Amino acid sequence: MKRRTRIRPTALIAVLAVAAAAVFLLVDRDEDHSPSAGTTAPYHGVLGALRASLPLPSVRLKPPPEPVKGPSFPIAVVRPGHRVELRDSPGGRVIAGAADRTEFGSIRVFWIEQVRGAWFGVPAPELPDGELAWIRDNRTELDVLRTHFWITADVSQQALELHYGNRVLTRIPVTVGSPGSPTPLGDYSVTDGLAGRDLGSYYGCCVLALTGHQPNLPANWIGGDRIAIHGTPYSIGGARSAGCLRASNNDMISLFARVPLGTPVLIHA
């Protein structure tokens, strides 16, 4: 009889450690501290490694779920080994190229905010806030899917909501940008999910990086200008960040486990 292999907890920890990969600089700090850069683990890669290492459980077939009521959002995933051109308008000038992985090592996923003929308008970190990059609808380079997840953040209420279709799954308090470095309002999407001990204490447990940028950086700022939703070791509430939305680590763990790449993030006052 063939002996069944058991997965030990230490093996899972090793998988997580091996998956850590990318160096990044994101906006945010406490008023008296500076950010630090370090290696991070793209969370979809970590989950994939874990799934591959665990024995598959037996399951019973269930009837198909009820259709989700409410909005859904198209997303485009760059296929492995491919690269797409980002243009300033449908069929316009090429302004950048986007590989199948982001600069932080995550799978490259775009929220398709607009469609014009054979062109997708997508938020992308290569462009300033409020502008869309345009990519061709080429199914040899892209997989086009849909997500029912979306996030809204009310800066004046200092609160963030995670939606699934018409449902509000959770509402959490957040710290927002200071008066001198306010959180930029607008429509963004999640580009990366980053976790690991090398993030540095300023970012707490984990980070959901966004396509947006902070145009009003604090004086003597030495970090990057990308905004994000992330954890923190500090108290929650008030207008004290450099532009990011900071949540408690417990709330961030819940968000991190559910929010897919490409999720729209709508920040308003």
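Visitor: Which residues does threonine 152 touch, not counting residues up to four places away in sequence?

Guide: Contact means heavy atoms within 4.5 Å. By that rule, threonine 152 touches Ala159, Leu160, Glu161, His163 and Leu266. Some ground rules come with this predicted model: local features need pLDDT of at least 70, side-chain atom pairs count only at pLDDT 80 or more, and totals for chains, interfaces and linings use all residues. Residues are numbered from 1 along each chain as its sequence is written, and side-chain values use heavy atoms, with hydrogens and water left out.

Visitor: Where does threonine 152 lie, and is threonine 152 buried or exposed?

Guide: Helices (H or I, at least four residues) and strands (E, at least two) are DSSP runs, numbered from the N terminus. Threonine 152 lies in strand E11, residues 149-154. For burial, the cut-offs are under 20% relative accessible area for buried, over 50% for exposed, and partly exposed in between (1.4 Å probe, protein chains only). Threonine 152 has a relative accessible area of 14%, so this residue is buried.

Visitor: Which side chain makes a polar contact with that of threonine 152?

Guide: A polar contact is a pair of N or O atoms within 3.5 Å; within protein, one must be able to donate a hydrogen and the other to accept it, and residues adjacent in sequence count only if both atoms are side-chain atoms. Here the partner is histidine 163, at 2.8 Å.

Visitor: Where is aspartate 137 found, and what is in contact with it beyond its neighbours within four places in sequence?

Guide: Aspartate 137 is in the loop between strand E9 (133-136) and strand E10 (142-147). Its contacts are Ala118 and Phe120. Phenylalanine 120 is 17 residues away in sequence, yet 6.5 Å away in space, C-alpha to C-alpha. The side chain of aspartate 137 also makes a polar contact with that of arginine 139, at 2.5 Å. Aspartate 137 is partly exposed, because its relative accessible area is 28%.

Visitor: How many disulfides does a search of the whole structure find?

Guide: A disulfide is a covalent bond between the sulfur atoms of two cysteines. The test is a pair of cysteine sulfur atoms within 2.5 Å. The search finds one. Cysteine 205 and cysteine 206 form it, with sulfur atoms 2.4 Å apart.

Visitor: Why is that disulfide of cysteine 205 and cysteine 206 called left-handed?

Guide: The torsion about its S-S bond is about -40 degrees, so it is left-handed. Cysteine 205 is partly exposed at 22% relative accessible area, whereas cysteine 206 is buried at 3%.
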